[in-house]
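This report describes an annotated site and a chain interface in a protein model. Please read it alongside the sequence and coordinates.

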2 protein chains.
Amino acid sequence: MEKLVYAFNEGTKEMKELLGGKGANLAEMSSLGLPVPNGFTISTTACKHYQVHKELSENLLLEIKNKLEELEKVSGKRFGDEYNPLLVSVRSGAVFSMPGMMDTILNLGLNDFTVKALSQSTNNPRFAYDSYRRFIQMFADVVMNIPRHKFEDVLETRKKQKGYTFDTDLTTEDLQYIVDQFKYIYKTEKGSDFPANPQDQLIMAVEAVFSSWDNPRAKIYRDLHNISHTLGTAVNIQEMVFGNTGNTSGTGVAFTRNPSTGEPALFGEFLLNAQGEDVVAGIRTPEPINRLQEIMPLVYEEFVKIANLLENHYGDMQDIEFTVENGQLFILQTRNGKRTAQAALQVAIDLVHEKVIAKEEAIKRISTQQIDQLLHPTFSKKGLEQAILIATGLPASPGAASGKIYFHAADVLQAKERGENCLLVRAETSPEDIEGMIFSEGILTSRGGMTSHAAVVARGMGKCCIAGCSSLYIDEEKRELIYGKTVLREGDFLSLDGSTGNVFLGEISLEQTTTGSYFTELMNWADEFSVLQVRANADTKSDVQTALNFGVAGIGLCRTEHMFFEETRISAVRQMILSSDEQERQEPLNTLLEMQKEDFIQLFQLMKGKPVTIRLLDPPLHEFLPKKEEEIKKLAQELHISLAEIKNRISYLEEVNPMLGHRGCRLGITFPDIYEMQTRAITESAVSVYQQGIAVMPEIMVPFIGSKEEYTFIKERITKIIDDILIENNISIPYKIGTMMEIPRACLTADEIAEEAEFFSFGTNDLTQMTYGFSRDDTDKFLFDYKAKNVLKNDPFQTLDQSGVGELIKIASYKGRKVNSAIKLGVCGEAGGDPDSIRFFHELGLSYISCSPFRVPAAKLAAAQVALEEKQISKKQKQKQTVIF
Amino acid sequence: MEKLVYAFNEGTKEMKELLGGKGANLAEMSSLGLPVPNGFTISTTACKHYQVHKELSENLLLEIKNKLEELEKVSGKRFGDEYNPLLVSVRSGAVFSMPGMMDTILNLGLNDFTVKALSQSTNNPRFAYDSYRRFIQMFADVVMNIPRHKFEDVLETRKKQKGYTFDTDLTTEDLQYIVDQFKYIYKTEKGSDFPANPQDQLIMAVEAVFSSWDNPRAKIYRDLHNISHTLGTAVNIQEMVFGNTGNTSGTGVAFTRNPSTGEPALFGEFLLNAQGEDVVAGIRTPEPINRLQEIMPLVYEEFVKIANLLENHYGDMQDIEFTVENGQLFILQTRNGKRTAQAALQVAIDLVHEKVIAKEEAIKRISTQQIDQLLHPTFSKKGLEQAILIATGLPASPGAASGKIYFHAADVLQAKERGENCLLVRAETSPEDIEGMIFSEGILTSRGGMTSHAAVVARGMGKCCIAGCSSLYIDEEKRELIYGKTVLREGDFLSLDGSTGNVFLGEISLEQTTTGSYFTELMNWADEFSVLQVRANADTKSDVQTALNFGVAGIGLCRTEHMFFEETRISAVRQMILSSDEQERQEPLNTLLEMQKEDFIQLFQLMKGKPVTIRLLDPPLHEFLPKKEEEIKKLAQELHISLAEIKNRISYLEEVNPMLGHRGCRLGITFPDIYEMQTRAITESAVSVYQQGIAVMPEIMVPFIGSKEEYTFIKERITKIIDDILIENNISIPYKIGTMMEIPRACLTADEIAEEAEFFSFGTNDLTQMTYGFSRDDTDKFLFDYKAKNVLKNDPFQTLDQSGVGELIKIASYKGRKVNSAIKLGVCGEAGGDPDSIRFFHELGLSYISCSPFRVPAAKLAAAQVALEEKQISKKQKQKQTVIF
């Protein structure tokens, strides 16, 4: 029979899958000799069983009974004993940490008799009844689903009657009265007395924890963090230690380093005379951890020692929960601390410098999402200069966000569907708000500290958050935010700076952040390990500069048409498009030739010999034409043709399905002079830069190729132009001609095309559109429904669809290499920035991926990570092989 | 060294590839002992050599010299001899007959000396000089490219001066004068005397024939008939026989059966005192062949015998050219006669009945194009009742055509580009008109007979033609057609009935022809041999009836949306589309349910248990909505909503790329009640028909599937509805659910989809659109250019693109069968009617193809042909194997 319950001394930190994160770490700390309250863990296996059978098995009940008896022996107390009762905490502990998502019950074992025993044994009746009312409240909420506010109302009414400010003002009599009221509420709600038998309490509590695995907020959290729904949770049962026995007790949470900035110094909070949930829930605002040094210097010293020991032992920043009971320190939990992207970066790199971990490990520890967050925008300087600061709260999670304020998660969801940018504004957040947090740009609370629910969850999401901004009064009911005499209502604009805690009135424009030396160091390390090169999609000087700052290997996609939209140029472009024949087209083409040359000269000068892939004109011509009557009139005047004539020509260019229309190489075939002009511009500027003594490596990419015949038609023409110019100038410049693979047919006939092409660049955006039959402009009509109905898991424009689109890329790579082993294969498109997709491209052995400049860092990191993964796997396989042979 | 020249007794009819069709048949007839003028053939190998080297090789010249000497011996004449000169004809003869496309020179060997010898030896100076002037004229035209009209002008001027009507009125003196004039023209044009040396004449003539292989009209002809450009032509050199020696001579062409109707009786024409080109060119209108019986009964008797012998020998209707020289019959050529579709059908079937050929051979002999032609439309009865008949000509090629008249091929081309239907109207056509004939709907000439250029070529193309309509005066120069006192000009409408020779004023509406017993017999034979079944795409009762008349195996595609467009229904459809929620949608859905049930009941009743594949709603909803302001207003009133509101809803449904938008199963997922209604309608009507004692076999097809998840979502819902209804009625009806494979991703992930689907029906139209990235609605912008620039050979919507789209179909078939060996695979789309595509589907082992009803016969024939082909190949392979083992 499989063992279902483990004493702490039976486990290690490696047994997370069985014991949950919390249980494994409690076991680990026990064996390190740290002051952990005694207890045991019910395994995730038992939870999985419960998910199926909806009851605890006989075996499980027996094992719990046995372990409970051991606990009684060790503690010298007995469960339900009327003189020296054992009280326990019952805590969930999943494999992956899901803070606040599941249930905890403290002080279990109390009833009308044991409370008296506790009161006598501690000589502290106030503490005993405070614990009892907490227990009833938690049990009723967590196990029995009685609305929490019913209990809180009793508490608040009593405090108001007596003129109290804090819970700690309540006297023993108050608490006894409250306990009676609580039991009355329980009976009214449930029709039976509050369960007095501790065994019953325990079984019900364990079942409640198991059930909480499947509560809606836990499911949403798992979906958000890609955690499997089948893992289940463990349950930890521990002897209670009390932070609420008076002012020699307390409870706290601390990080071994600053989880917001990464700064290497203890960071945390502490609340005197309180139990754990008071800190986490953010109801009372706690004091910083270093206050402990003043109040309890010895406890503080011991804690610092333990914190250092744990960080070194786990090799990572720890998030530690502790309780002080009458001057004695207990460690309740340790885990790798959640952190902001900035902290993740600094901690990982500092740990390498401190020789705690290796570079490879540091690279693995930082996620690509975090890298993206590091590049989160901040407010523009100009915007900030004019901004009106209305309050400052705690800088709980960095980043900047502007949006309309909403006071309820449901309102945020609705506003988001309307396409608004929203901020979730609440007095405090609770796990029910999780969806509202996901869909808002930022979160603002008036209560709670740096480790409050809002702060922890927002940091995990990399979302801007300001917590405990107490100068604001937030009325969730009326949907109002009041500061001074001003009232803001739902839909008004605010701006939040999560790095400073500043709250500004109205909207402020954003700009990209700059990155520091830690960032650069990480990028350099990534280059050391990655195989797949990363290029950028860049059309403008500023894009190219950004890309170069991130250390790109080249430009993978320069969309020449983007150069056409500038106001000074669009007129020549339109003239070209609306010409009635080749002769008329010659003049605007000559104008554009000179303009394009300027662009390319700049590009080549900046790139200094790194490859630059330039795509010839791609979009359908009508995209360049004016849509408004007034503009059309203006254009007619410019071109000296009648309004009727110009409308005629414009309407001739209209298309039913422009995505599949007259674009890409199809333009190059019907109007060869356009591509000829572009080729001339590329070659002449390459020659000119080369003559300045700067290396150049142009790669000309023909878009929207569907057949070898199309490709050959164009390739022959442009090769001739290039070679003529090179011969004329009597120089030799390396260049390549290749194609964008973005039409399914091109992939299917890649063996034919590869006979002529020197490179393939997979354009995943268009390829996905055609492979799926999705028009990106139209999917909004059904994609929301598709996700809601589980018909589609990922947006295929974000994450490569490996079984469909990926299959085409595989086919094309295979067929292409078969006839042309030297062919260079790359990717450009949104999927180029997605880690799963990067793994796929790496495994296919492509040369490079190209993505927008700000996605380059994440792509480089992902490329390094997949290379390291592969190394590790092949190392393991080698080891295996060594064993075999 | 390879032999390049063959005497007739060295060849057989099987040596077409080497000797050309004409050469091989001359050799064959020689060995049959028929009266063929002596001669020899220069092989196609020599022509291929000439294409490369642009000169005749030494070997060839030597071989020609030798064969010429043999000919001199046999004939007792000598080339260039001043007393008894040998004269020869030099004729092209390609592997596949290309009538009128290449060059011929007669009477070669004449010069100022030999003409006198001929005059003396025949005692017929008029004949000698007539031959001489013909020779100079042909040689100058064919070999030297001197404009033909320069010679014709001389001839016409002389006739006018002398008041002659016919060429035969010219006297010896006239002809001598004309010869002098011709030589003068030659010298003026070429700067040198007309070549007097017969050896020189011969070499130049052979070179000219070889060169004519690559003249533009020959190339166009080969493109049209899919003849390879590399085959080359042979050259036949034969001793001249003369049809122009006087009234005991003549020349003619005859078919062993009627090439227009297939009727089994000799059919042809004869011209007294003429040479061959006079008949073929249609300059003089000849007399029917049976007139020969009166004029020369013995010759006629001999000719009938030979004709029968040749038809039996070749096993097919023959097209025979002959000349009578002073009462002696010579056969100049025999070949399988070109014929109309109707004739092809009747001849093939009659030959089976006459036991000349087998059924299999008959099936192979009829092309799918001919089958299509048999179904060519005729004028509607109603149209004919009101039509004004203005003339009747020869019914040269059947079919009916209406269009604007044009007098020059170039004008037809231009009009065609403007999208007009054209008729080519000329006094007579010549090979230069070939493109004009291709692009016109029909051809009308005022001169020439049933074997004139226009008639022969039109029949080959299956194009309607009326020839020799002499009551019309056609002025090509002025671009006018005159009948009586009325003048028609370019662009006026006419209608031609090629089966009766009737010419009508204006446009007449067309209707489909009915087919006779020959047709039915062929269709039955096709069913005997074919493996691939043929189904029809049919949505209406009349479509289904047509399909059943052609003997379809089932309905492969019933597009339910076509049932929605009827005026009485569209209103309910629009109401359904514009409903704001499911509840509002219920009422119109209930209305549509009843309507659809009526449709399906009719369908199942007609199909009597044959499979009926019904596709659920496919097109984007906006296709059903009104576009015009007025209609929109009306709809708003009907639906009791404001104009603003309705415009709002309509504009919400608009899409950028509707082809890739919210359609097919995407509608079924976002609005499940629509597909549920359709499924209910299908099932309830199937039950109702089944209860009438009629078998039913519904196959429900889900359109536009891209992933297994989509398919499963819908399949689960509709299966439940079907099963509920069947259980409710306590009956069991066989049914299938499957999917339309028309999205590339579906093909790539066919293994996943096949786990759930019972059949795949490849929708080649949409699959081609997405695989190519072609929007059918927009390809007109570049497809013309693509073909002109040789970037695209076939329209992929007509002929399956085997390397791209076909590859996807292969992948899907392979993957689908791998996981589900019972899966049924079929095709529907335009490509279902194309023979090459059918071969591809047959080889892939698909179960059926489905096409529009009128393409069913061609598809059935093609299916039988590919099955027979395969049988033959495997038979050959078996024979080979027998040899090997």
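The annotated positions are treated first, and the interface between the chains follows.

**The annotated positions**

The model discussed here is predicted. An unreviewed UniProt entry places the feature "binding site" at Glu742(A) and Asp766(A). Although these positions are spread over 25 residues of sequence, they cluster in space, with a largest C-alpha distance of 5.4 Å.

Glu742(A) is found in the loop between strand 30 (736-741) and helix 29 (744-748) of chain A, whereas Asp766(A) belongs to helix 31 (residues 764-772) of chain A. The table gives the accessibility of each residue.

| Residue | Relative accessible area | Class |
|---|---|---|
| Glu742(A) | 2% | buried |
| Asp766(A) | 11% | buried |

Glu742(A) counts as buried because its relative accessible area of 2% falls under the 20% cut-off. Asp766(A), at 11%, is classed as buried because the limit is again under 20%.

With neighbours within four places in sequence left aside, Glu742(A) is in contact with Arg663(A), Pro703(A), Phe704(A), Gly763(A), Asp766(A), Leu767(A) and Met770(A).

A polar atom of the Glu742(A) side chain lies 2.6 Å from the backbone nitrogen of Phe704(A). The side chain of Asp766(A) makes a polar contact of 2.9 Å with the side chain of Gln769(A).

**The interface of chains A and B**

How many residues of chain A are in contact with chain B? There are 50 such residues in chain A, and they meet 50 residues of chain B. Between them the two chains bury about 4200 Å², of which 59% is on carbon and sulfur atoms. On the side of chain A, Leu660(A), Arg745(A) and Lys781(A) lose the most area to chain B, together 15% of what that side buries.

Polar interactions also cross the interface: 28 residue pairs are in polar contact, both residues being at pLDDT 80 or more. Four salt bridges are found between chain A and chain B, and a salt bridge of 3.3 Å (N to O) joins the side chains of Lys815(B) and Glu807(A). Several helices of chain A each supply at least two residues to the side that touches chain B, among them helix 28 (708-729), helix 31 and helix 33 (805-819). By class, that side of chain A has 22 nonpolar, 13 polar and 15 charged residues.

Key: Residues numbered from 1 in each chain as written. Chains lettered and ligands numbered in written order. Predicted model: local features only at pLDDT ≥ 70, side-chain atom pairs only at ≥ 80, totals over all residues. Heavy atoms only, no water. UniProt positions renumbered as here; feature names shortened; annotations may be inferred. Helix = DSSP H or I, 4+ residues; strand = E, 2+ residues; numbered from the N terminus. Buried < 20%, exposed > 50% of the residue type's maximum accessible area, 1.4 Å probe, protein only. Contact = heavy atoms within 4.5 Å. Polar contact = N/O pair within 3.5 Å; in protein donor to acceptor, adjacent residues only side chain to side chain. Buried area = accessible area lost by both parts, 1.4 Å probe. Nonpolar A, V, L, I, M, F, W, Y, C, P; charged D, E, K, R; others polar.
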